[in-house]
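Good morning, and thank you for joining. Please bring up the sequence and the structure, and we shall go through one interface and the elements behind it.

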Amino acid sequence: MTHNDDEFEALPDALIEALKSADEAVPLITARVDREVLKMAREQFEGRKPAWPRRPAWAAVAAGVLIMIFVVQLDQPTQQLNEPMRVSRPVDISDVLNLARERSGNPAAQAEIDALAMRVVSLSPAGASR
Amino acid sequence: MKNLFIALVLLSFSISGQSHADEHDFRFAAVDVYLDSAEPVAAWQFELDDRAGVMKVVGVEQGDSPAYARAPYYDREAVRLGDADRIIVADYSLADAVELPSGRVRVATVHLMLNSDDDADFSLFLVTATTYDGVVTDARISLAVRTGSE
């Protein structure tokens, strides 16, 4: 009696027979068969496009740029209340007029208005209007 | 004797000052700046320069319009220090549109010291003139020079 036969003694006969019949040699797949299967698979799926086409490299670059822009915008300081305008052109007296109208009725704002006006007319390079 | 000494010292200073003044010939002039606009002007700004490089601004006076009753804005510190060889002058008015000036109006007078017998070569540039509605108006700017002597 072998070791395996000892183990089978505790099992039902039907199960022992089923296990013995399932215990067959593993089918051997040679390298040639493997290549053939690979070849057939390639021929089968050659014309099929993937459901999600591959994005070109520039799409990744564009996404990176968008993320960078978003991060830089988050890093920008918010507009201060005492800086009433951000204009791309040099500040001039029309901006002072707009500020004076916005602050109309607030006597405490006169100093702020005068400061902007003095910046407009300053002759120094730092405060020059043009 | 002591009084005589003081008088001599003062006299010497006086003579010295007179000769110092003679070395530097300068004149004074006033430049009236006029703005000509078909529409009422709520804000204006100009720059006056001298291409000959002989002028120093010594003061700025307001114009004729009651809507601009106070002295206009200019770099008072540069004028005080004698550094204003050009000047930017500007003012705004919160008056109603009917009270704002239109047509030809003197908006400012710039008082100058001319440091040479050479004539100044003025360059007058209108930076902006804005209507009551905040629109830049097509205005013209001009000047008239009044000269005097020391």
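In the contact between the two chains, 20 residues of chain B meet 17 residues of chain A; two residues are in contact if their C-beta atoms, placed from the backbone, lie within 7 Å. On the side of chain B that touches chain A, the elements giving two or more residues are E2, E4 and E6 of chain B. Of these, E4(B) supplies the largest share, 6 residues. By class, that side of chain B holds 13 nonpolar, 4 polar and 3 charged residues. Here Ala, Val, Leu, Ile, Met, Phe, Trp, Tyr, Cys and Pro count as nonpolar, Asp, Glu, Lys and Arg as charged, and the others, Gly among them, as polar.

A word on conventions. This is a predicted model, in which local features need pLDDT of at least 70 and side-chain atom pairs count only at pLDDT 80 or more, while totals for chains, interfaces and linings use all residues. Residues are numbered from 1 along each chain as its sequence is written, and chains are lettered from A and ligands numbered from 1 in the order in which they are written. Helices (H or I, at least four residues) and strands (E, at least two) are DSSP runs, numbered from the N terminus.

Now the sheet in chain B. Its 3 strands follow the order E4-E2-E6 in an open, antiparallel arrangement; two strands pair if DSSP finds at least two bridges between them. At the edges are E4 (86–92) and E6 (122–131) of chain B, each pairing on one side only. From one strand to the next, the twist averages 10°; axes are lines fitted to C-alpha atoms, for helices over the stretch in contact, and angles run from 0 to 180 degrees between N-to-C directions. Strand E2 (residues 41–50) of chain B is joined to E4(B) by 7 bridges, and Leu48(B) stands opposite Ile87(B) in E4(B).

What lies across E2 and E4 of chain B? Helix H6 (residues 110–121) of chain A does, running at about 145° to E4(B).

Within chain A, helix H5 (residues 93–102) packs with H6(A) at an angle of about 175°, their axes 9 Å apart. The two helices H5(A) and H6(A) are therefore roughly antiparallel, a term for angles over 145 degrees. Among the residues making this contact are Leu99(A) of H5(A) and Leu116(A) of H6(A). By class, the contact of H5(A) with H6(A) has 8 nonpolar, no polar and 1 charged residues.

Definitions and conventions: Angles under 35 degrees count as roughly parallel, over 145 as roughly antiparallel, 65 to 115 as roughly perpendicular and the rest as oblique.
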